[in-house]
Amino acid sequence: MVANKMSSFLKWTLILFSLVSIILNIVLICLGSSKAPKCTRTPRFPPKAKHDPRSAVFADLTREEYTQVQDYMRKGLGVSTDALTEPSQDFLFLIELSLPKKASALSYLDAGGPPPTREATAVVFHGTRGHIKEYVVGPLPDPTYHRDVTEERYGTQLHINARTVTVGEYHLLFKMLDEQVFAKLGALMKESFDVDVDQKDERRRRRLNAFEQMPRGRKSGDRSTWISYFRDVSGMYIHPVGFEVLVNHASVNASDWRVERLLYNGRYFESVDELKAKYAAGDVSKIAYKETPDYGSLKPRSGPLQVAPQQYYAEGKRFSVGGNHVLYLDWSFAFGLSSLTGMRVFDVRFGGQRIAYELSVQEAMSVYGAVTPGLALTKFLDSSIGVGRFAHELTRGVDCPYDATYVTTHRYIDVAAPTRFANSICVFEHNVGQPLRRHFADFFGNSYGGMVNSALVFRTITAIGNYDYLWDFVFYQNGAVEAKVHATGYMSTSYVLPGNEKYGHQVADKVLGNIHTHFVSFKVDLDVMGVKNMFQTKDMKYVNVSMPWAPDHHAMIPQLVEKELKTEQSHYLLLPTWLLLNGMLLPTQEAALRYGTKIPRYLHIASNQLNRWGNKRSYRIQVITFAGDPLPESEPEERSMSWSRYKVAITKHKDKEQTSSSLYSQNNIWNPAVDFSQFIEDNENIEEEDLVAWVTAGFLHIPHSEDVPNTVTVGNGGGVILRPHNYFDEDPSVNSPDAVYIKPGTEQSCQTNRMACLAQESCSPVLEPFTYHGFDGAMNFDEF
Ligand SMILES: [Cu+2]
């Protein structure tokens, strides 16, 4: 009985305790949440300006517009839009926005002129006729005309072999290699690479993956490609197996294609049959298959632990994305993402005043060194594959801050229908982790004044084959804007063979990380107080000066050296070198500043308008680069990358000179459709003209073991900062509401220091759920 009573007492005590505990928990949670309410999603203050719908003139085509142009081209020209169209047919490869002429865009934006006609560029690979055509199709949204602009844009016809290798051509190439190479080398494949060519079940068949060398041959019209093979594991690019095949696919008819050469374990063979016979006869040093560790995998080797710090918007976002127009504090700009050239912004304004008409990526190029054919002659020009084409979804909290604004884009390149790339651009404001400016007044009149460096980042990341490029445009509150690139992803590697050690470092068993350069071309069309600008340089020199108060005392004192450069290139470049070498001519100034020459440290696009202090208002072009040497001009491929000769080259703006490179440069590298050096050959006057600065930045990459599995972004980048220089009368960030000022006695006041009240005002972030659709637009050759 007693025991029973005791147990009932215990039961009720426990129930009571549980109830009290639940109520206490609810109270505590409520108290907690009242302390930290959810952060507002709506901005505390509306943007200073309104979105400008006219920025739509720079907007990429919508999905509907792509479809309209596709329909028009299919019906009007009878071109195929099938993804597996063969090279011998006529294939609609690309549809892109055709940019408006600058004069008509400016008339529309600034002078109330009519909107420029919205048009698309359509690229057709006319396999039936042996050439490539670029058409302008318009007006959008309901096209009624098309015009062949090939000759107008490039001054030449484009041979069909200047085309990018399409999915349709790859499909045929892989089929041919399966039939003519792999099927015939069963024993070698099994013993050397554990590849079972007879396995009928595709999903169970172990295979090798292909990666190509470019350019494809030695002269115009060639289309012979060395294909290197890699293990079919994650991070295939760092698993070369020592097997490479040279395929001639110059004919548009796949039946004419043939294997011209093979490389196996460092030895060359004329044909598959020769390799097969010599292998069977034991006349070949064999590669014995060995299971390799999965060192290229990006699977975490430890589970998630404590989350890294997160930034959130305590009072809503201070920027706004409306259509393709962005507003951020004093900044505004329009944006686009070209399949070919990548990220670009237009009509960039600070305080309502246009600073740049266009700031864009043009090309990403690299030159490799190796002993193996797969990388020995490799010069990649990524815009021929598409610098912006592979902008897949950005991962929240990794590729961009979790709570960034994400923009979905559409593209039409080598597809059957426009492709949607969800969340492929991100925009965010963040604290870059250092003050923009600050001073602590110690000795007299104690005070502290400072301002956080909170800047807007506009980003996309494009995974072009092995490498992933981060493209950032950063807008700072002092009126500076930065364009930069960082490389990550997998480096290209080759199989370790004798003599290869000159070309890099070994990074895994039989794997060499090969030396290469990264060069990136940016177009910087600054308009400083209008389009009439000049190019100025500034630097320093030490001058032996006598001191005014003691004339016999001389000292070397640094002085400012200012110059205005009046023509696109110097006259001396047009004269024989011996004149220069003999010192008979002093080089005059040139606005095409070659790498390897002494370049003034300050480069400016300036206006004749003066600031309050009588100085020419200007923007400085500060190039951040660790580029390797440009390819010697004696090389026949150099003309395709002649932009990379110059750290900065200034040209007079021309609509015809829209890009420094072209879609056709890679596959006709010896006779390119665009040779940048010709932009400056006419040596035009650049005084009081509309100027464009073409900037080359990059880095020399000597791969090392820490490039496994991935090259990291830290230190692997380059870019250009455009900084106001006598443009304003003082630093415009003095007007920023982020500025903080503290005097003795005001340490706790929030009047000029929001930080003092942050602890009381804190809120908990409202986050979007995590989603990922990155695989939606991915290429997958397994499916063909
Ligand atoms: Cu690299």
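Begin with the open sheet of five strands, ordered S6-S7-S8-S9-S10 with antiparallel pairing. Strands pair if DSSP finds at least two bridges between them. Strands (E, at least two residues) and helices (H or I, at least four) are DSSP runs, numbered from the N terminus. Select the edges: strand S6 (208–212) and strand S10 (267–269) each have a single partner strand, so one side of each is left without a neighbour in the sheet. From one strand to the next, the twist averages 25°.

The model is predicted: local features need pLDDT of at least 70, side-chain atom pairs count only at pLDDT 80 or more, and totals for chains, interfaces and linings use all residues. Residues are numbered from 1 along each chain as its sequence is written.

Now select strand S7 (residues 224–231) and strand S8 (residues 240–248). Six bridges join S7 and S8 in the antiparallel sense. Pick Phe-230; its bridge partner in S8 is Pro-240.

Next, colour 208–266. UniProt, in an unreviewed entry, places "domain: Copper amine oxidase N3-terminal" there; such annotations may be inferred rather than shown by experiment, and positions are given in the numbering used here, with feature names shortened.

H7 lies across strand S9 (258–264) and S10, at about 35° to S9. Axes are lines fitted to C-alpha atoms, for helices over the stretch in contact; angles run from 0 to 180 degrees between N-to-C directions. Contact means C-beta atoms, placed from the backbone, within 7 Å.

Move to helix H5 (residues 167–182). Its buried residues include Leu-172, Leu-173 and Leu-177. Buried means 20 or more other C-beta atoms within 10 Å of the residue's own; 12 or fewer is exposed, and in between is partly exposed, with C-beta atoms placed from the backbone. Among the elements covering these H5 residues are S8, S9 and H7.

Zoom out to the domains: domain 1 (53–159), domain 2 (167–296) and domain 3 (319–540 + 564–742). The bounds come from an automatic or database domain assignment. Over C-alpha atoms, the centres of domain 2 and domain 3 are 37 Å apart. Their contact takes 22 residues from domain 2 and 30 residues from domain 3. S8 gives the most to domain 2's side, with five residues.

Finish at helix H3 (residues 102–110). Lys-102, Ala-105, Leu-106 and Leu-109 are its buried residues.

Conventions: Contact = placed C-beta atoms within 7 Å.
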